[in-house]
Amino acid sequence: MGAVDCHCHLAAPEFNGDIENVLKEAKESKVLALVVVAEHSGDFEKIIQLSESYPGFVFPCLGIHPVQSTPAGPERSATLKDLDDALPLIELYKDHLVAIGEVGLDFSPRFASSDEQKEGQRKVLTKQIQLAKRLSLPLNVHSRSAGRPTINLLKEHGAERVLLHAFDGKPSVAMEGVKAGFFFSIPPSIIRSEQKQKLVKQLPLENICLETDSPALGPEKQVRNEPKNIFIAAEYIAKVKEVSLEKVLDVTTQNALKLFPKVKNFI
């Protein structure tokens, strides 16, 4: 029994020195597929190259994250210019993609303290929802400190195939996403997150996927997370749900293949 890592950042600088070994260990651990997301257009070429080097194992998603880093300054809210700069590359690689992502809203006060910043993020997400619909691709979605606004915007614009990764909102808000048919991916940090534990108790297994968010959200704080750790999340979900690990792996893999049908051809 294997697992699909539905959301990881293998283009992150933390993997620059040993990505081949990280992927080898993931395969040996019985990770079946890696859905790799981008944060900004600077990640795009690297993610495509990884998917070409590891066909049938690394699957690319391209998109603009709601928080963007600038070479000279601090992180900031995404703008339509960030997206416009990225769109030509997304169009170029559209046939290779399994989803548009990572996209979403991040209303953490340090990134979005003003209504103007929040509205800018909403515009960027709305355009990417429309892009995903046009390309018949699912969305791989970030929603930090913005669970309800993100779910509402996705529903308002008719997004259908949606993965809400590492959802940090209340279970009652998540259930609005469940009603809309959305999926929620759970990282290994569940073992140290009371919020994620409460979330998994409420979510139906039929709406749960697995992720690592590597290199973040690992079992230990401040320690680089890797795709092989995905089974830590699966084991904890099995414990919370009082079902077998085999059942969690089977159902979450089937959920991932429903969400990302292009991956199905390789598993």
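**A buried aspartate and its surroundings**

Reply: Leaving aside neighbours within four places in sequence, Asp-82 is in contact with Ile-64, Gln-68, Arg-76 and Ser-77. The model in which these contacts are found is a predicted one. Asp-82 has its place in helix H3, which covers residues 80-92. Its relative accessibility is 13%, and because buried means under 20%, Asp-82 counts as buried.

An open sheet of eight strands, with parallel pairing, has the order E1-E2-E3-E6-E7-E8-E9-E10. Its edge strands are E1 (3-8) and E10 (208-210), each of which pairs on one side only. From one strand to the next, the twist averages 30 degrees. In general terms, strands of a sheet pair through backbone hydrogen bonds, either parallel or antiparallel.

E1 pairs with E2 in the parallel sense over four bridges, and Cys-8 stands opposite Val-36 in E2. Elsewhere in the sheet, strand E8 (residues 162-165) pairs with strand E9 (residues 183-186), also in the parallel sense, over three bridges. There Leu-163 stands opposite Phe-183 in E9.

The loop between E1 and helix H1 (19-28) holds Ala-11. At 8% relative accessibility, Ala-11 counts as buried. Not counting residues up to four places away in sequence, Ala-11 touches Asp-43, Lys-46 and Ile-47. The C-alpha atoms of Ala-11 and Val-124 are separated by 22 Å, and these two residues lie 113 residues apart along the chain.

Helices lie across the strands as well. Helix H2 (residues 44-53) lies across strand E2 (31-36) and strand E3 (58-62), and runs at about 155 degrees to E3. Helix H4 (residues 115-134) lies across strand E6 (99-106) and strand E7 (139-144), where its direction is at about 160 degrees to E6.

Helices also pack against one another. Two packed helices are described by the angle between their axes and the distance between the axes. The axes of helix H5 (residues 147-156) and H6 come within 9 Å and cross at roughly 15 degrees, which means that H5 is roughly parallel to H6. The crossing of H5 with H6 is left-handed. In this contact, Gly-147, Arg-148, Ile-151 and Lys-155 of H5 meet Val-173, Ala-174, Glu-176 and Gly-177 of H6. By class, the contact of H5 with H6 has three nonpolar, two polar and three charged residues.

Helix H6 (residues 171-179) packs with helix H7 (residues 194-202) too, at an angle of about 45 degrees and with their axes 9 Å apart. H6 is therefore oblique to H7. The crossing of H6 and H7 is right-handed. Pro-171, Ala-174 and Met-175 of H6 make this contact with Lys-198, Leu-199 and Gln-202 of H7. The residues of the contact of H6 with H7 divide into four nonpolar, one polar and one charged.

Conventions:
Residues are numbered from 1 along each chain as its sequence is written. This is a predicted model: local features need pLDDT of at least 70, side-chain atom pairs count only at pLDDT 80 or more; totals for chains, interfaces and linings use all residues. Side-chain values use heavy atoms; hydrogens and water are left out. Axes are lines fitted to C-alpha atoms, for helices over the stretch in contact, and angles run from 0 to 180 degrees between N-to-C directions. Helices (H or I, at least four residues) and strands (E, at least two) are DSSP runs, numbered from the N terminus. Angles under 35 degrees count as roughly parallel, over 145 as roughly antiparallel, 65 to 115 as roughly perpendicular and the rest as oblique. A crossing is left-handed if the near helix is turned anticlockwise from the far one by less than a right angle, and right-handed if clockwise. Contact means heavy atoms within 4.5 Å. Ala, Val, Leu, Ile, Met, Phe, Trp, Tyr, Cys and Pro count as nonpolar, Asp, Glu, Lys and Arg as charged, and the others, Gly among them, as polar. Two strands pair if DSSP finds at least two bridges between them. Buried means under 20% relative accessible area, exposed over 50%, partly exposed in between (1.4 Å probe, protein chains only).
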